[in-house]
Amino acid sequence: MSPALPEGEPVPPDGSLPSWVGGGTGGTEPAARGFGVYLHVPFCSVRCGYCDFNTYTASELGGAASQASYASTALREIDLAARVLHDAGLPPRPASTVFVGGGTPTLLPAGDLVRLLDGVRDAWGLAPDTEVTTEANPDSVTPESLAELAAAGFTRVSFGMQSAVPHVLATLERTHDPRRIPDVVRWARDAGLQVSLDLIYGTPGESLDDWRASLEAALATGVDHVSAYALVVEAGTKMAAQVRRGEVALPSEDDQATKYELADELLTAAGLTWYEVSNWARTDADRCRHNLAYWRGDDWWGIGPGAHSYVAATGAEPAATSPEDARVGVRWWNVKHPRRYAALLEAGTSPAAGRELLTRTEGRLEQAMLGVRLREGLDLAVLSPSGRRAVAGLVATGLLDGRAAVAGRAVLTLRGRLLADTVVRAITDE
Ligand SMILES: C[S@@+](CC[C@H](N)C(=O)[O-])C[C@H]1O[C@@H](n2cnc3c(N)ncnc32)[C@H](O)[C@@H]1O
Ligand code: SF4
């Protein structure tokens, strides 16, 4: 199971973009905008009970769309992507970031991930300091595989640690031994890779001391980047069914808030600073540039089943009735199933399932939703008049920083970070 794709208008079979995307004037020069490439690897050895990402185990897929042929299939989409951007009249840009996510990318042989990165390099080139990340499960890497990735140009690895506590990992149905975490971090660093650890808090049965132990274990590795996510129990997952049947109990909102505060306290004390609501880094250079570019609204192409892409226009749609209604960018998403994805690409057809043409107003709303979660905050000029009017109330209730608001930016306080969704709703409510 994974979430349904959005509704949208159909995409031409060759994947071509609307003619105004590359043809307009007066928009942001594409050469000045970052260009990220996301590569989705939709395979896992076991599905964790809480996860609703677009990923499949071998038994779910049967013989179809095998892992062995996946890199060749995804390389076809990279070729198609290069052709579509070129034909749209967008000037060529090297990839500024590449992020291989999943699923479990490291379930593929390192050589396949290297082929995918080579494909990106051949299609667009890589900027001199390109950040190249792969996600990895701790039980799917070796010192050799990490060294092979680093030698081929990968610069960063993000491990799904989730917890250091065996009973919490068991509830999450994670397969790795937590004692392996210091080893995999050391192997990655020895290979010259930057390392991030993902943690989850609020798992049923997790005590505050369990969460403290997980944070302390992550920090004991000397890691320079941590992502800490509140567990989300999505409808349709195995864990949602367990909650419904009363087999496991969800934590209260207060428990989640206390755990977030503990994370911020311990991570900050260890020298890591928040730069997005769920992300902390030791220095600016340790932040994940790929995710930052996404949150700031840069262009990206998502390769793989279910992957989403976004490209801003070089100008606005000429036929628009008003500047606010002009479409300023296009977002599209691929078919979800790996078998359908492979079949479309084998037939020489775009794997895109649908797209949305965003107006200037919709673009601003999106920028507000993503930007306000960043420590740098959001330029208040992006907000609608009613969004700007909501700011004073959010400052008064301690959710937005007063001094930053006077300086023209919406920046979350610690309390605001705990209630980020409330803030987003208030500033985007038309
Ligand atoms: C989709 S996973 C991919 C990486 C890798 N397969 C793994 O699990 O470690 C990326 C991260 O998303 C987070 N995640 C996935 N499902 C989640 C959920 N329901 N609630 C909170 N975080 C979740 C986990 O922390 C995970 O490390
Ligand atoms: S390993 Fe990661 S992607 Fe795979 S099922 Fe678990 S959380 Fe989801």
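The following exercises, each with a worked solution, concern a predicted model of a protein.

**Exercise 1.** Determine whether the radius of gyration of the protein agrees or disagrees with that of a compact globule.

*Solution.* Begin with the chain length, which is 430 residues. For this length, a compact globule would have a radius of gyration near 22 Å. The protein has 22 Å, so the value agrees with the rule. As a further description, the C-alpha trace spans about 60 × 55 × 45 Å along its principal axes, and 53% of the residues are buried.

**Exercise 2.** Classify the aromatic pair of Tyr38 and Phe99, and state which parts of the chain the pair ties together.

*Solution.* The structure holds 10 aromatic pairs. In the pair of Tyr38 and Phe99, the ring centres are 6.2 Å apart and the planes meet at 25 degrees. Planes under 30 degrees apart count as stacked, so this pair is stacked. Next, locate the residues: Tyr38 belongs to strand E1 (residues 35-41) and Phe99 to strand E2 (residues 95-102). The pair therefore ties together parts that are 61 residues apart in sequence.

**Exercise 3.** Decide whether Tyr38 and Phe99 are buried or exposed.

*Solution.* A residue is buried if its relative accessible area is under 20%. Tyr38 has 19% and is therefore buried. Phe99, at 7%, is likewise buried.

**Exercise 4.** Describe the geometry and location of the pair formed by Tyr260 and Trp280.

*Solution.* The ring centres of Tyr260 and Trp280 are 5.6 Å apart, with 45 degrees between the planes, and the pair is tilted. Tyr260 lies in helix H10 (residues 253-269) and Trp280 in strand E8 (residues 279-281), 20 residues apart. Tyr260 is buried at 4% relative accessible area, and Trp280 is buried at 0%.

Conventions: Residues numbered from 1 in each chain as written. Chains lettered and ligands numbered in written order. Predicted model: local features only at pLDDT ≥ 70, side-chain atom pairs only at ≥ 80, totals over all residues. Heavy atoms only, no water. Rg over C-alpha atoms; globule rule 2.2 N^0.38 Å. Buried < 20%, exposed > 50% of the residue type's maximum accessible area, 1.4 Å probe, protein only. Phe/Tyr/Trp six-rings, centres within 6.5 Å; stacked < 30°, edge-to-face > 60°. Helix = DSSP H or I, 4+ residues; strand = E, 2+ residues; numbered from the N terminus.
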